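User: Could you walk me through how some of the labels for this protein model are decided?

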Amino acid sequence: MTLVQSFRGAVSGVEVRDAPEGVPAHDPGAPPELTASPASAEEVAAVLGWAAQEGVGVLPLGTGSHAGPVTGGPYIVLETSRLEGIEEYEPADLTITARTGTKFGVVDDALRENGQWAPFDPPRVRERSLGGFVSDAQHAPLWAGYGALKNHVLGATVVTGDGRILRLGGKVVKNVAGYDLLRPVVGGRGRLGVVTSVCLRAFPIPSYERVLMITGANVPELLEIALAVGTAPILPASILVGGPLTTLEGRSALVLRLHGAQSTVAADQATIEAHIGSSLEAVDGSVGKADALLDELRDYGGVEPCGVELSVLPSHLPEVLSVAADAGLSSLVADTYAGRIRIGSDRLDARALHVVRAAAESAGGAMRVVRWFGPDRPAGTPHRGAEVRLSDRLVSIFDPGGVLWPTRP
């Protein structure tokens with residue numbers, strides 16, 4: 001009996017396609033045995049329960065934009081596109097619950113109709129599925145002003161690798177006593193289960209936003225100013241140094257976002273300028289330049305075939321950026337408050353990245369390979385022994401058969 005026949009005999013009611021062309025165009029490597037499109041948590045559980053019994057890998061896909069080449073044995077694709085739609089939205093409670101095949105842009109549009117938003121801005125966020133966005137939990141600039149995504153996912157429905165349905169968290173901030181199982185799922189990159197529904201905390205849209213910048217060709221000088229901004233009495237919503245930027249005709253820039261009442265924002269700008277000893281130029285938002293600049297910074301290095309992210313203490317950013325420049329990796333965006341650098345290109349030099357990774361690790365940091373389609377894939381920084389043991393223990397509980405994410409090393 002083939003795997004396709006076994007699946008059709010054991011799992012009923014789930015939409016199935018045999019042809020591998022059903023997989024999104026993300027260069028998956030080996031073709032899947034079949035593509036399943038469940039429409040509920042119960043159907044996801046049936047698929048994963050069958051896979052665990054058969055010992056078949058499962059590759060969950062939303063848009064497929066962040067999946068890597070498949071290197072394991074036989075596997076199936078589990079599409080989440082039919083898990084779509086907003087389930088519950090309570091504007092007065094600032095919470096919204098949606099199924100994870102829903103595009104983040106759909107959730108954001110619903111919030112904005114009520115003067116609210118979800119201030120999370122990793123690259124191409126509006127095009128991502130909610131499940132992929134939450135499972136990846138990629139760092140984003142607005143973290144400085146609003147905190148990490150882990151703090152704002154209030155609840156989720158998760159199907160484990162052996163088909164158990166877990167309903168974690170709830171719809172309020174304090175909803176658990178003891179160990180919070182929801183936190184490792186957010187940012188777990190799909191290793192602990194397939195997320196089928198998520199409850200997010202929403203925020204009121206700021207009454208006023210001002211985008212400020214200092215431009216220049218010298219990224220190290222801009223970086224020093226940005227680090228000084230991070231020590232000011234006023235913390236902007238985001239602090240980025242990036243370039244060269246198309247929006248600014250190839251110049252590099254330090255870009256800040258201030259949120260609040262208009263009078264407060266003006267006072268905040270004056271406080272920051274006095275602290276750093278430099279004037280900040282307001283970006284004209286009336287002609288869309290501010291939005292275009294913010295979009296370019298948000299997506300910088302996040303859409304190319306090759307992308308990496310470096311993380312170090314902010315105080316070590318200058319030395320790591322210096323090594324990156326010497327290695328020819330000078331096109332980047334740095335979040336100076338978080339100590340993160342994003343680099344992306346059509347093709348990156350794996351040998352140069354090895355040098356930069358060594359510099360980051362010598363400073364106590366790490367490098368993560370976000371995407372790499374092609375040969376000579378560089379190695380990211382391996383987890384330390386204690387981290388590996390804890391991660392393996394969690395995976396053994398949530399996915400005892402090890403069927404999830406056969407693309408992961």
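Analyst: Here are a few labels, each checked against its cut-offs. The model is predicted, with local features needing pLDDT of at least 70, side-chain atom pairs counting only at pLDDT 80 or more, and totals for chains, interfaces and linings using all residues. Residues are numbered from 1 along each chain as its sequence is written, and side-chain values use heavy atoms, leaving out hydrogens and water.

User: Why is W405 called buried?

Analyst: Buried means under 20% relative accessible area, exposed over 50%, and partly exposed in between (1.4 Å probe, protein chains only). W405 comes out at 12%, so it's buried.

User: What makes V58 a contact of W405?

Analyst: Contact means heavy atoms within 4.5 Å. Leaving aside neighbours within four places in sequence, W405 touches V58 that way, and also L59, P60, R189, G190 and R191. W405 and V58 sit 347 residues apart in sequence, yet their C-alphas are 6.0 Å apart.

User: Why is the F104 and F133 pair called tilted?

Analyst: Rings of Phe, Tyr and Trp (its six-membered ring) pair if their centres lie within 6.5 Å; planes under 30 degrees apart are stacked, over 60 edge-to-face, the rest tilted. F104 and F133 are 4.9 Å centre to centre with 55° between the planes, so tilted it is.

User: And what makes Y146 and F203 edge-to-face?

Analyst: Their centres are 5.4 Å apart and their planes 80° apart, so they pass both cut-offs.

User: How do you know that Y146 and F203 are buried?

Analyst: Y146 has 17% relative accessibility, so it counts as buried. F203, at 16%, counts as buried too.
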